[in-house]
Amino acid sequence: MPTTDAAAVVRARPTFWRNFWTNAILAPRTTLGFMRIDFVLGTIFIIPLMQILFFALTVQLGNGGASGIAFVAVGNAVATVTYPSIFSVCQTTDSEKEQGTMEHLLVSPAPRFPMYVGRGLIPILISLATVTVGLIYTVAFFGVQVAAGSIPFLAISVILSAFAMVGFGLLLGGIALYLRSSIVLGNIFLFIGLIVSGVNFPVSALPVPVQVIGYVFPLTWGLAAVRASISGDSLGAVAPLWLWIALTGAVAVGLAMALWRNFERRAFSTGSIVRF
Amino acid sequence: MNAPGHPFAVSRFRSTAASVRLSVLQFVADPQWLIPSMIAPVIFGIVAYQLVLGSGPYFLVYAILGAGMMSMWGQTLYGSGWATGQDRVFGTLEPTLQAPTPYVYVVLGRILWNVVSGLVGGAIVYAVVVAESGQLPAVANPVLFVAMFLFVMVTLASVGVILSAFYVYTRFAGFIQNIGEFAFYVGTGCMFPVIFLPWWTNPISLVFPPTWALDALRYGSIPGYQGFAWGFGWDVVGAVATTAVYLVLAGLVFHRVERHVLEVGTLADY
Amino acid sequence: MPPDPVIETRGIRRVFESRKGFLFTEKTRTEALRGVDLRVDPGEIFGLLGPNGAGKTTLTKILSTLLLPTSGEAHVLGIDVARDPQALRPRIGLVLGGERGLYNRISARENLRYFADLFGLPASLRDRRIQEVLDRVGLTEAADRRVEEYSRGMKQKLHLARGILHRPELLFLDEPTIGLDPKSARETRKLVRSLVSDGVTIFLTTHYMFEAEELCQRLAILSKGKIVARDTVAGLRRLVGGDTTVEAYGFEDSEIDRLRHLPGVGRILTEEFGPRLRLTLRSSGSELTAESVRAALGSAHPDLMVRERRTVLEDVYLDLVEEEAA
């Protein structure tokens, strides 16, 4: 009966997984960055090599020696996760605003959690690929030695870091709802990460207040776990770092959800959804 | 009254000035850009200082030049191309190209504005590095240093013009620029001498005017500097020549790119 | 001798190509214009009608130097648009309209000032001229507000103000009243007429038939990239069978032939309308009336409905576009 069909349509809500997969597959494809596979490949293969090379040669200029080069090589290999995790997730927000689809998204009845988290799936996969390729470069060209036995711990560290960083990207994407553009935020955290997360010099060498800021970022814990895994540290030493990655990542996702809700309301009240 | 009359003569100077003005107005309207343009130089300064600390008595010059170049790249090059990318997003690229002013003068205006903000970034880097080290950099010839620093900006701007044409050419230019950002830092030797790189990469580096200008700048300010074997004089000649080629090319490239986008009809894509 | 045309095109074709995929690219070709011949005379309002995707905006962009034709020739104000766009640009205005195409973060006045400089308006004239166009489109009070705060209608007015800022000889208006409320749309049409009084030639594309009928001396109908008709409104009415339209519903299908042979019938169209056919008859004389149709069908039709009215541009448009589609 037509009435029943209509009622079914009215009651219909996408299920969690349907919502998740729709956003996971479709949302990244609506942004420019994912429209061409060659640019995705460029992010995975070229950016890590050039970023590592740049800092390694800078260390060579500063007479940092082989250990210094290996240190920045690993740091920057992991730091390249920022591009796919933070920038691409933030860009989905910008892209929705620019294309005028954000308002339609926000008035849809779809539950927000799978909608936002689903958007992180492809960036997580690209983040994993980028960091893996970066670490392969460090071994192949920058004198980093990874024992075969360290690889499982290293893999767990990288996977957890990718998840946590994408969670952090979602958090920034939430803030970007209220701002005109999220690229600014992405840039700020990319730069700050270079200092406070132990990418180019140990966190312990930083002033204590800066160290505290550093430990808020999942990247700092991720990097510590990767370094510990490469050094062949025991499970007892690495596991707490994994917990910290998971914790900072989970807090980021939780905050992201809260912020998305809050900023949804604020963006509606200020009308900033349609500003870009 | 709207009686049509003779078309007005377009003044290239006024068009460029209008573009500078628009850039300032847009910047003021969206001051969040102030944050990365202030934060980036500070961070680059700190990182560069720490990494080149052991490079000898002139490490401060290396740190200032390297971090300065990185932040100026962001402002001068990226900013100029980005503005054209924004024109695509706003849908203003079409009306701007439909105006009788050649688009290259609009780009020139943006670059002038970005050069100014790039210099502010350079000054911030200088202040950060000096504050961190607690000493002024030992520069062999301060006047030459400043003059060459400004000259490097001109060479960066010449690359910026070509890059902006790329943004008119394709909406994907921003991604290509992101992918190539560190490659440009490496290739032009903004932090370390290009001779650190394998010899076979040098011809690629020498295609970029800033490579010559930066080498000349280091020759002029760091006694005993080991850069390209031909030394300061030929570096300056190379920088002037490549910059001139870029500026001439810019005119041709813009003309060709404008024609191309009219052929393929991608002006409204974003 | 007829005046030199303001626009003259011969065999304009435009093909768009797009690619999909990375390793195995798939190329798609879309022929947006398939040989368009047009002539627009000075001082007229020339209307271009056509369904969505017919190629109206493509043609407008070609004539206003924003797109090159794949083949064919287009001369605007005597200038070849493909060879010398730079010479043409100061002499034409373009209003594409819509939400985009403006600097949203700055005010309307600043937007106009920027384009005044790009069009080379002398500094001594610039501010006065900006005020004039703001007054003319009714944006004076909001002139110093950021464009992002504007309604769609206000943005449309700003597009229009920018289009006439440099006093063009020829103005391209691509759906200028889309999104405007009835009052603003009427004011816009008034403005368009006043521009013509000032000597500006207008090339207008629109979906609103009454607007085209009210404004345009001559019209062309574009369908699937081809001009399917071009004439005055009266001429187009003749083309589809005449000034008078009689619509009939509620008869038997077998009776159509009887109506076909009624005196004065110029054209006859049938369409399914619920369970029966609806018949539309066009006539240019006074012989065909609702009465003559009723008389022909007899009194044995309790549901018969017959209506006589003047043929409007919408009838012409639908007839021609549907004919082309068929």
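Domain bounds here come from an automatic or database domain assignment.

**View 1. Chain C is divided into two parts, domain 1 (7-236) and domain 2 (241-310).** The C-alpha centres of domain 1 of chain C and domain 2 of chain C lie 41 Å apart. This is a predicted model, in which local features need pLDDT of at least 70, side-chain atom pairs count only at pLDDT 80 or more, and totals for chains, interfaces and linings use all residues. Residues are numbered from 1 along each chain as its sequence is written, while chains are lettered from A and ligands numbered from 1 in the order in which they are written. For pLDDT, the predictor's confidence in each residue from 0 to 100, chain C averages 87, and 98% of the residues score at least 70.

**View 2. Here chain B meets chain C, with 33 residues of chain B in contact with 38 residues of chain C (C-beta atoms, placed from the backbone, within 7 Å).** On the chain B side, α1 (12-29), α4 (93-98) and α10 (231-264) each supply at least two residues; helices are DSSP runs of H or I, at least four residues, numbered from the N terminus. The largest share, 7 residues, comes from α1(B). This side of chain B divides into 18 nonpolar (Ala, Val, Leu, Ile, Met, Phe, Trp, Tyr, Cys and Pro), 4 charged (Asp, Glu, Lys and Arg) and 11 polar residues (the others, Gly among them).

**View 3. Now to the contact between chain B and chain A, which takes 29 residues from chain B and 32 residues from chain A.** Two or more residues each come from α2 (34-51), α3 (59-90) and α7 (173-188) of chain B. The largest share of this side of chain B, 9 residues, belongs to α2(B). By class, the side of chain B that touches chain A has 23 nonpolar, 4 polar and 2 charged residues.

Methods. Two residues are in contact if their C-beta atoms, placed from the backbone, lie within 7 Å.
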